[in-house]
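This report covers strand pairing, aromatic contacts and charges placed over rings. The sequence and the model come first.

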Amino acid sequence: MLIRKGGYHWIIWNTKSDGSGTNYNENSVAPAKTTLYAQWSNANTLFGNNDAIAYISIFVADSNGGKEVNIDTGYADLPSSAVFIAKPQSSVTLKAYVDGKGIIAEKPDSKRYIEYRTGTKAVAFENCRIRDDGSAVFEVRQTVSNQNIFLGCFSTSAIAVLDIKGTRDVLTDIMDFSIKGYSGPIEINNTGSIMIGANPEISIKAMKSGTTVEYDGESIIFTLDGKKYNVQFNFSNGAELGGVSVEGDTAVITFTFDPSMDPVFYRVIGQ
């Protein structure tokens, strides 16, 4: 059935006019003589389909406060200052993925990377942070309005997780850190955790022309306008340095790791 209301989009049918009853979508069959009320919205509405329920439960809220609405199998309108929240289930610990767009969920006996798929560029989840209660909170960026958006949450096995520690405020106008990933390099300019493959490489690229890059056996040295920036680093928890190579404006660090452990890459940047 095609229904319209000027300036609004239809969300779902409900047995209560205020939407507090039972929902029926366009493919549902309601009992005979059931009165259904159309539910409308003039905001983006996010529908959840959470296949990662063994690890997280998902919510939408306003970053300025207000009720958190569970959308594991439901929906919620997205306020202009919306946040998306993933709350860990019992015995699950969440780590923020370093690009601020995903999380890694850990149980005592398993580890998963949580993926989010919307099938649209109408919204994006960014700048993930872990709250004191262990929940992962994402800022929601909206580029269009007045749409129904369907979110799928999935968990996939992680090969290994690299923990990135040390200097948090990388001099991103001087150098850029990235690691070789499954679909190309992934920025690791912040601290956090990241899923890695079997033969990882960490690249440190000069961001300004005229910068020289060298490795003296202990530090990677960036020299710009007579100023030197030293990058000292080490690995631990099952990881060992493989080698450092310099080509033009980029230094590449290779390392090996024990796949049964989560390696740690520690860096300090000094002048």
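## Charges over rings

In this predicted model, the charged end of lysine 87 lies over the ring of phenylalanine 59, at 4.4 Å from the ring centre. Another such contact involves lysine 5, whose charged end sits over the ring of tyrosine 8, 4.7 Å from its centre.

## The open sheet

Five strands make up an open sheet with antiparallel pairing, in the order β6-β5-β8-β13-β12. The edges are taken by β6 (69–70) and β12 (123–130); each has a single partner strand, so one side of each is left without a neighbour in the sheet.

Strand β8 covers residues 82–88 and strand β13 residues 136–142, and the two pair in the antiparallel sense over 4 bridges. Isoleucine 85 stands opposite valine 137 in β13.

## Aromatic pairs and a phenylalanine cluster

Across the whole structure, a search finds 15 aromatic pairs. One of them joins phenylalanine 255 and phenylalanine 257, with 6.3 Å from centre to centre and 45° between the planes.

Phenylalanine 255 has a relative accessibility of 5% and counts as buried. Phenylalanine 257 has a relative accessible area of 15% and is also buried, because the cut-off for buried is under 20%. Both residues belong to one aromatic cluster, formed by Phe233, Phe235, Phe255, Phe257 and Phe265.

Note on methods:
Residues numbered from 1 in each chain as written. Predicted model: local features only at pLDDT ≥ 70, side-chain atom pairs only at ≥ 80, totals over all residues. Heavy atoms only, no water. Pairing = 2+ DSSP bridges. Phe/Tyr/Trp six-rings, centres within 6.5 Å; stacked < 30°, edge-to-face > 60°. Buried < 20%, exposed > 50% of the residue type's maximum accessible area, 1.4 Å probe, protein only. Lys NZ or Arg CZ within 6 Å of the ring centre and 35° of its normal.
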